[in-house]
Each structure stands twice: as structure tokens, then as C-alpha cells.
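Trainee: Please take one part of this model and show it to me closely. Then tell me what lies around that part.

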Amino acid sequence: MDIQQYNFIFLYQETAALTKRLFIQLKRRPSTFFAGILQPIIWLFLFGALFANAPKDFLPGVDSYGNFLGAGLIVFTAFSGALNSGLPLMFDREFGFLNRLLVAPLASRLSIVLSSFFYITILSFVQSLAIMFISFLLGYGFPNIYGLGIVFATLILLVLFVTSISLCLAFI
């Protein structure tokens, strides 16, 4: 194996370890995870019931307001989660852990950024699946494979863009 393959393996190991650290922090503060799921579900119940009798042509191209609301809540949940992705980095910076990471012999400092991206992406996927499942239980239906692909591709792009902005602000 040459040096590039070793660097890739080390980058993978560092990213996995830092991502695991973020999930351990989430395990210690599960309220952030449940609030990220509970708030959109409450909105789905309240606003879904509020606009249940809306005219069929109220939103063109959508069967019901619940479908429209579910998609919007998925995007909102991913956006707010990605917007807050810089907070752990700011706490690490304030408490000195970021300094320890920066002086550690890392293969690449990119692993710090990648771990935040993977953490928020996985968290957004889980929260989105919970919203879709509750939408299905409320009778709004579940997206087909094509729809799931669009949802997850949109989530990845949204999380990548907003997480990068949040992390840049946290580093500044």
C-alpha cells in the first residue's frame, strides 16, 4: 500500500471517531434529538388538521395539504439541524478540545469538517424518516422510491450547504 491509501484509511478512521464522539454527545443530551423530531410532528398534527378541509386546488400539483406540509417540515428540520451544526465546534473551541485536535497528528483536518457533515446528515435522515412515518400514519401517504431519492438528495445538498456555512461561521 502506498502513502495515499494510508492517508485515506487514516482520514476514514479519524472521521469515524469524531462522528462517534458527536453521537456520544447526542446520547448524553437526547432532548436535542427528540425536540428535532417532536416539534415537526406537532406542527404536522396541528397544521394538518387546520388545513384538512382546504380546497383541492389550494396547492397545485399536491394531493393534500398534509403532503405539502410534510415535505416542508422535512426541509425545515434538516435546515435547522444543519444551521446548528457549528455549535459543537464552538463549544469545542471554547473548552479547548479544538486546540487539542489541531495539534494532534491528524492525517487531515478535513476529518473535523466531515464528521460534522456526516453527523448532521445521519441525524436529518432519521428525523426525516420519522416525519414520513408519522405522515403515513396520519393518512398522507409515503413517498415511492423516486420520491425517497429526491428527498434524500435534497437533504444531502441542503445539509452540505448549510453545514458548511455554519462551520465557517464557527471557525471565524
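Mentor: (Helices are DSSP runs of H or I, at least four residues, numbered from the N terminus.) The biggest contribution is that of α2, with six residues. This is a predicted model: local features need pLDDT of at least 70, side-chain atom pairs need 80 or more, and totals for chains, interfaces and linings use all residues. Residues are numbered from 1 along each chain as its sequence is written, and side-chain values use heavy atoms, without hydrogens or water.

The largest pocket holds about 570 Å³ of space. Its lining has 25 residues, and R29, T32, N84, Y119 and L123 are the closest to its centre. On a 1 Å grid over the protein atoms alone, a pocket is an open set of points with protein on both sides within 12 Å along at least five of seven lines, and a lining residue has an atom within 4 Å of a point. The volume is the space filled by probe spheres set on the points. (Asp, Glu, Lys and Arg count as charged; Ala, Val, Leu, Ile, Met, Phe, Trp, Tyr, Cys and Pro as nonpolar; the others as polar.)

Now look at Y119, one of the residues closest to the centre of the largest pocket. Y119 sits in helix α6. Its relative accessibility is 10%, so Y119 counts as buried. (Buried means under 20% relative accessible area, with a 1.4 Å probe and protein chains only.) Setting aside residues up to four places away in sequence, Y119 touches T19, L22, F23 and L26. (Contact means heavy atoms within 4.5 Å.) Take R21 as well: Y119 and R21 are 98 residues apart in sequence, and their C-alpha atoms are 9.6 Å apart in space.

Q127 is buried, because its relative accessible area is 5%. Beyond four places in sequence, Q127 touches F33, G36, I37 and T77.

Next, look at T15, which lies in helix α1. T15 has a relative accessible area of 5%, so T15 is buried. Apart from neighbours within four places, T15 is in contact with S111, L114, S115 and F118.

Y119 comes up again in the core. The largest nonpolar core counts 26 residues, and L44, I74, Y119 and V159 have the most contacts inside it. Helices α1, α2 (30-50), α3 (65-83), α6 and α7 (145-171) each give at least two residues to this core. The largest share, eight residues, comes from α6. A second, separate core has seven residues, including L89, L98, L167 and A170. (A nonpolar core joins buried Ala, Val, Leu, Ile, Met, Phe, Trp, Tyr and Cys residues through side-chain atoms within 4.5 Å.) Back to L44: beyond four places in sequence, its contacts include G66, L69, L73, I131, I134 and Y140.

What about α7? Its buried residues include L148, V151, L155, V159, V162, L167 and A170. The buried residues of α7 pack against α3, α4 and α6. Its 27 residues should span 39 Å at 1.5 Å a residue, and the end C-alpha atoms are 38 Å apart, which agrees. (The expected span is 1.5 Å times one less than the number of residues.)

There is also a second largest pocket, with about 210 Å³ of space. Of its 14 lining residues, N67, A71, I74, M132 and P143 are the closest to its centre. Helices α3, α6 and α7 each give two or more residues to this lining. The largest share, five residues, is from α3. Its lining divides into eight nonpolar, six polar and no charged residues.

(In a cavity, a 1.4 Å probe fits but cannot get out.) About 90 Å³ of space lies in the largest cavity. Its lining consists of L18, R21, L22, P88, L89, D92, L98, L101, I112, S115 and S116. Two or more of these come from each of α1 (3-28), α4 (87-95), α5 (97-103) and α6 (110-137). The lining of the largest cavity has seven nonpolar, two polar and two charged residues. L22 touches Y119, and S115 is in contact with T15.

Notes: Buried < 20%, exposed > 50% of the residue type's maximum accessible area, 1.4 Å probe, protein only.
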